[in-house]
Amino acid sequence: MDLLNALTAFLNFIVVPGLAYGSQLALGALGITLIFSVLRFSNFAHGDTMAFGTAFVILFTWWFQSMGITAGPLPTALLALPLGILITIAMVLATDRVVYRFYRKQRAKPIIVVIVSTGVMFVMHGLVRMIIGTSEQNFSDGARMLLNPQDFRAATGLAEPLAIKTTQAISVAAAAICCVALFWFLQRTRTGKSMRAYADNEDLALLSGINPERVVTITWIVAGALACIAGTLYGLDKSYRGVVYFSLLMPMFAAAIVGGLGSPLGAVVGSFIVAFSELIVTNAWRKIFSYLVPPDWLGDGLYQALSTDYKVAVSFGILIIVLLFRPQGIFGGK
Amino acid sequence: MAEPFLIGENMTGGYGAVDILHSCTLAVEPGEIAVIVGPNGAGKSTAMKAVFGMLKLRQGSVRLMGEDITTLTPQARVRKGMGFVPQTHNIFTGMTVEENLEMGAFIREDDTIRDTMEQIYGLFPILREKRYQKAGELSGGQRQQVAVGRALMTQPKVLMLDEPTAGVSPIVMDELFDRIIEIARTGISILMVEQNARQALEIADKGYVLVQGTNRYTDTGKALLADPDVRKSFLGG
């Protein structure tokens with residue numbers, strides 16, 4: 001029995017990556033849930049919007065790097081992020097003007113707009129391919145580790161290392177800041193409240209003099225900014241490949257639905273549920289168990305429920321369970 | 001007779017090809033309570049929606065203080081000083097009582113919104129008590145108070161109520177009617193549709209009995225209650 005080493009391994013393989021991954025999902029899922037509650041459709045293009053924004057952040061990062069501008073120990077991408085956010089916002093607003101507004105005027109059924117968003121997804125995906133290509137891009141620089149595993153081992157004398165990457169810490173911090181700012185915006189400001197009112201009861205919001213086009217514009221701005229931040233953090237933490245963002249759609253939607261579509265708090269909680277479930281199911285528990293039980297009890301198995309290749313199946317499973325037993329989600333969305 | 005404060009005159013129209021209203025006329029003066037009653041399907045709510053611009057009129061006009069507002073959207077009419085409380089879905093269920101009132105005042109830019117809110121809390125004390133509670137968690141009667149309060153936040157000159165007492169208990173209904181009288185005393189015109197015809201006519205300065213989209217009887221509330229024909233046909237004897 002070696003509880004400390006087991007705990008360290010647990011922190012290292014589950015808690016730290018789970019928090020970082022959950023934070024990245026949360027920023028994406030928040031955008032999905034906002035668009036769902038205000039524009040009343042599931043935006044399948046959200047993953048590729050993230051890829052689009054990140055692609056521009058990468059281009060700006062390279063530009064900054066070529067000019068010798070860096071952020072010291074922090075990734076240069078953080079400096080490029082505001083520019084990327086602006087371009088993402090411009091893109092989603094342009095998409096809304098050109099595509100979604102037409103269907104909004106027609107009062108098209110949500111299912112039609114969902115299909116439309118799938119079309120937008122393909123276009124966005126193609127754009128990203130043309131802009132930055134399909135190959136993997138690594139744009140992370142600055143200090144790699146906030147907590148170096150060797151340092152941790154030297155300091156504690158434990159056999160197990162604990163590593164915290166800078167990008168993981170930044171992900172959690174950025175998500176925390178964005179969530180606080182977003183909740184403050186929605187709960188305290190007049191514009192934020194008008195967004196909630198519009199999501200709550202469209203007709204009554206109209207009677208109260210709330211301008212729907214303005215609410216829609218603000219929603220796209222917020223969702224676009226969040227998408228770009230989420231995509232950049234994910235790309236920094238893992239690495240960037242356009243197609244990966246498409247597969248993030250599944251966990252993000254699972255997160256938004258688990259929490260209750262339309263509930264921002266639910267999207268955040270749901271994201272961490274999905275992130276930790278993925279890690280718990282796909283983690284090889286052998287190492288952690290080896291500290292807890294005598295070695296000869298363990299046998300040869302890896303104690304891994306599912307190969308990491310199948311991690312999307314976890315979100316899918318969660319989604320099915322939630323839709324079967326609590327379709328309104330934890331926080332009672334729509 | 002002088003031009004009424006608000007009048008929907010000879011209104012003809014419907015939702016589709018078929019007309020529901022046939023030259024129907026409704027009018028109300030400042031501080032007056034006008035009640036629209038009639039059998040199911042008589043077009044009571046439709047007539048009120050027509051006055052508020054939620055229905056396209058083929059004929060007739062709506063005038064507020066002599067100004068023709070027939071072509072204005074409902075939102076524009078709110079800015080002109082008309083408040084409307086729909087029959088259902090008339091509150092923001094996920095928002096607190098106070099936020100509901102704040103949203104009611106969304107179009108106002110002056111800094112006396114707080115005062116209006118205090119007046120509404122004075123009118124409906126229970127709302128002050130529940131100001132931080134979600135409106136969707138309140139009882140039926142309290143929800144109606146929130147709905148009326150929200151509409152009053154724009155400081156309308158005319159308040160239009162579509163069956164404010166639908167689905168509330170008789171005691172709550174009496175209380176709501178008392179509040180509506182109080183609101184009218186402040187000089188606001190009230191135009192409302194009511195299922196509870198007898199009680200509504202008792203507080204009405206003016207009553208409109210609609211049948212199949214046309215005015216059948218128009219008189220003061222008292223006179224309609226005393227009219228044997230109206231009693232026999234619409235008030236159950």
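In this predicted model, B:L64 lies across from B:E67 of strand β5(B), and the two strands concerned, β4 (residues 57-64) of chain B and β5(B), are joined in the antiparallel sense through two bridges. In general, the strands of a sheet pair through backbone hydrogen bonds, in either a parallel or an antiparallel manner. The pairing belongs to an open sheet of four strands in chain B, arranged in the order β2-β1-β4-β5 with antiparallel pairing. Because β2 (21-28) and β5 (67-68) of chain B stand at the edges and each has a single partner strand, one side of each is left without a neighbour in the sheet. Helix α1 (residues 44-52) of chain B packs on this sheet, where it touches β1 (6-13), β2 and β4 of chain B, and its direction makes an angle of about 70 degrees with that of β2(B).

The contact between the chains draws 13 residues from chain A and 17 residues from chain B. On the side of chain A that touches chain B, the elements giving two or more residues are α7 (190-200) and α8 (202-207) of chain A, and the largest share, five residues, is supplied by α7(A).

Chain A as a whole contains 15 helices and two strands. Its radius of gyration is 21 Å, close to the 20 Å that the globule rule gives for 334 residues, so chain A is as compact as a globular protein of that length. The C-alpha trace of chain A spans about 70 × 55 × 35 Å along its principal axes, and 45% of the 334 residues of chain A count as buried.

Terms used
Residues are numbered from 1 along each chain as its sequence is written. Chains are lettered from A and ligands numbered from 1 in the order in which they are written. This is a predicted model: local features need pLDDT of at least 70, side-chain atom pairs count only at pLDDT 80 or more; totals for chains, interfaces and linings use all residues. Two strands pair if DSSP finds at least two bridges between them. Two residues are in contact if their C-beta atoms, placed from the backbone, lie within 7 Å. Axes are lines fitted to C-alpha atoms, for helices over the stretch in contact, and angles run from 0 to 180 degrees between N-to-C directions. The radius of gyration is taken over C-alpha atoms; the globule rule is 2.2 Å times the number of residues to the power 0.38. A residue is buried if 20 or more other C-beta atoms lie within 10 Å of its own, exposed if 12 or fewer, and partly exposed in between; C-beta atoms are placed from the backbone.
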